[in-house]
Amino acid sequence: MKQSAFIVILFVIAFAISISIYEYGLGNPANFKDGSKREVPANLMGQVYTGGPLVALLITLSIMDFAIIIERMLSLRKAAGKRSIPKFFKEVLENIKAGQIDEAIELCDSQRGSVANVLKAGLTRYKELVAGNFIVDAEKQLVEVQRSIEEAMMLETPLLEKNLIALSTIASIATMVGLLGTVIGMIRS
């Protein structure tokens, strides 16, 4: 799913949930001393409701933040791979020291994470250079392997940074909405 579509759908769902929380949870007549007039709050829920519609917007932004945090947590867990990264590195390093590049590549395939994908790109390029019929000195091999690792990192980075811009934007907007509510409250008083 495209990032912008995810954010728009998330906003619509979060806004619908926040309106229902605002009207039926916070605006419940039991939260007010005078029943249905909703002017004199009886508890904290009623006090929050008297903050006005900006409270619903703040609830929307909080729900969006929480959903993006959960999405990031799941994505980063998937990007880590199946096994712990230190054990994976240790096994790959042992295979490389033993000259078993194919086994190291198979370990990268079984790990299935961002680190494994980057490492696999470097190992695959090294294997191609060593297996090639042309002679390449060690310095050129190192440059080629580094280039392939950098390319793989450029492919993996956007997956790891997805929705971080939306998260920071929501944090900025929430601060401004809170300040707007404070100013409106001061003007009313």
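Helix axes are here lines fitted to C-alpha atoms over the stretch in contact, and the angles between them run from 0 to 180 degrees between N-to-C directions. On that basis, the axes of α3 and helix α7 (residues 138-161) come within 9 Å and cross at roughly 150°. The structure is a predicted model, in which local features need pLDDT of at least 70, side-chain atom pairs count only at pLDDT 80 or more, and totals for chains, interfaces and linings use all residues. Residues are numbered from 1 along each chain as its sequence is written, and side-chain values use heavy atoms, with hydrogens and water left out. Helices (H or I, at least four residues) are DSSP runs, numbered from the N terminus.

**Packing of α3 against α7**

- Helices α3 and α7 are roughly antiparallel to each other, because the angle between them falls in the class over 145 degrees.
- On the α3 side, R72, L76 and A79 meet L159, L160 and E161 of α7, where contact means heavy atoms within 4.5 Å.
- The residues of this contact of α3 with α7 divide into four nonpolar, no polar and two charged. In this classification Ala, Val, Leu, Ile, Met, Phe, Trp, Tyr, Cys and Pro count as nonpolar, Asp, Glu, Lys and Arg as charged, and the others, Gly among them, as polar.

**Packing of α3 against α8**

- Helix α3 (residues 53-80) and helix α8 (residues 164-188) have axes that come within 10 Å and cross at roughly 160°.
- That angle makes α3 roughly antiparallel to α8.
- The crossing of α3 past α8 is left-handed, a term that applies if the near helix is turned anticlockwise from the far one by less than a right angle.
- The α3 residues in this contact are L54, L57, L58, L61, M64, D65, I68, I69 and R72. They meet L164, A166, L167, I170, I173, A174, V177, G178, L180, G181 and I184 in α8.
- By class, the contact of α3 with α8 has 16 nonpolar, two polar and two charged residues.
- R72 takes part in the contact with α8 and also in the contact with α7.

**Aromatic pairs**

- Three aromatic pairs are present in the structure. Rings of Phe, Tyr and Trp (its six-membered ring) pair if their centres lie within 6.5 Å; planes under 30 degrees apart count as stacked, over 60 as edge-to-face and the rest as tilted.
- Y22 and Y49 form a stacked pair, because their ring centres are 4.6 Å apart and their planes lie at 20°.
- This pair links distant parts of the chain, with Y22 in helix α1 (residues 3-26) and Y49 in helix α2 (residues 44-49), 27 residues apart.
- Y22 is buried, with a relative accessible area of 8%, and Y49 also counts as buried, at 13%. Buried means under 20% relative accessible area, exposed over 50% and partly exposed in between (1.4 Å probe, protein chains only).
- F88 and F89 form a tilted aromatic pair, at 6.0 Å centre to centre and 40° between the planes.
- F88 is buried at 1% relative accessible area, whereas F89 counts as partly exposed at 39%.

- N95 lies in helix α4 (residues 85-97) and counts as buried at 15% relative accessibility.
- Not counting residues up to four places away in sequence, N95 touches Q100, E103, A104 and L107.
- S114 belongs to helix α6 (residues 114-131) and counts as buried at 10% relative accessibility.
- Leaving aside neighbours within four places in sequence, S114 is in contact with A79, E156 and L160. A79 and L160 also belong to the contact of α3 with α7.

**Loop residues with positive phi**

- R112 has a phi near 55°, a positive value in a residue other than glycine.
- R112 is placed in the loop between α5 (101-111) and α6, and it is exposed, with a relative accessible area of 60%.
- N163 has a phi near 70°, likewise a positive value in a residue other than glycine.
- N163 lies in the loop between α7 and α8 and is buried, with a relative accessible area of 0%.

- T182 is located in helix α8 and counts as partly exposed at 43% relative accessibility.
- The C-alpha atoms of T182 and G51 are separated by 9.2 Å, although the two residues are 131 residues apart along the chain.

Notes
Helix = DSSP H or I, 4+ residues; strand = E, 2+ residues; numbered from the N terminus. Parallel < 35°, antiparallel > 145°, perpendicular 65-115°, else oblique.
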